[in-house]
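Here is a short briefing on one protein chain. Please keep the sequence and the 3D view open while reading.

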Amino acid sequence: EKDTAMKELKTRVYELNMENEYQLRLKDMNHHEKTKELTEKFIQEMETLKTKNQVLKTDKDKEEAKHEEERQELVEKQHQELQDLESANNQKLMAEYEKYQELQAKSQRMQEEYERQLTAKSDSHKQAL
C-alpha cells in the first residue's frame, strides 16, 4: 500500500511538474508574443516618427530657402530704390546747378548792362556840361 501511495504521489508530482512546465511555457510564449508585438509597434512608431521628422526637415529647408529668397529680393529692391533716389537727387542737383548758372549769367549780363548804361549816362552828362 505504501508503494501504491508512493507511486501515486510520484505520478502526482510528475503531473504537477508537467502542468507547471506547461504553464511556464505558455507564459513564456505569451511573453514572447507580447514582446514581439510591442517591438513591432515601437519599430512602426519609430518609422512613423522618422518619416515625420524627414517631412519637417524638408519643410524647414523649404521655408529657409523661401525666407532667404525673400530676403534677397528685399535687399535687391532696397538697393534699386536707393539707386533710384540717388539718381533722382543727382538730376535735381544738376537742374538746380543749371538754374544757378543761368541766373549767374543773367546777373552778369544785367551788371554789364547797368555798367554800360551808367557809362552812357556819365558820358552824356559830361557832354552836356
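This is a predicted model: local features need pLDDT of at least 70, side-chain atom pairs count only at pLDDT 80 or more; totals for chains, interfaces and linings use all residues.

The protein chain has 1 helix and 0 strands.

**Overall form**
- Helix 1 spans residues 2-128.
- Along the principal axes, the C-alpha atoms fill a box of roughly 185 × 20 × 5 Å.

**Surface and burial**
- Of the 129 residues, 0% count as buried.
- The accessible surface of the protein chain is about 12800 Å².
- Carbon and sulfur atoms account for 55% of that surface.

**Charge**
- The protein chain carries 31 negative and 24 positive side chains.
- The centres of these two sets lie 3 Å apart.

**Negative patch**
- Asp59, Glu63, Glu69, Glu70, Glu73 and Glu76 form a negative surface patch.
- Glu73, one of these residues, sits in helix 1.

**Nonpolar patch**
- Met94, Tyr97 and Tyr100 make a nonpolar surface patch of about 350 Å².
- Met94 belongs to helix 1.
- Met94 has 47% relative accessibility, so Met94 also counts as partly exposed.

Note on methods
Residues are numbered from 1 along each chain as its sequence is written. Side-chain values use heavy atoms; hydrogens and water are left out. Patches are made of residues with over 30% relative accessible area and no salt bridge: like charges are joined within 9 Å, nonpolar side chains (Val, Leu, Ile, Met, Phe, Trp, Tyr) within 5 Å. Accessible areas come from the Shrake-Rupley method with a 1.4 Å probe; for residues, only the protein chains shown count as cover. A salt bridge is a side-chain nitrogen of Lys or Arg within 4 Å of a carboxyl oxygen of Asp or Glu. Lys and Arg count as positive and Asp and Glu as negative; His and the chain ends are not counted. The place of a charge is taken as NZ of Lys, CZ of Arg, CG of Asp or CD of Glu. Helices (H or I, at least four residues) and strands (E, at least two) are DSSP runs, numbered from the N terminus. Buried means under 20% relative accessible area, exposed over 50%, partly exposed in between (1.4 Å probe, protein chains only).
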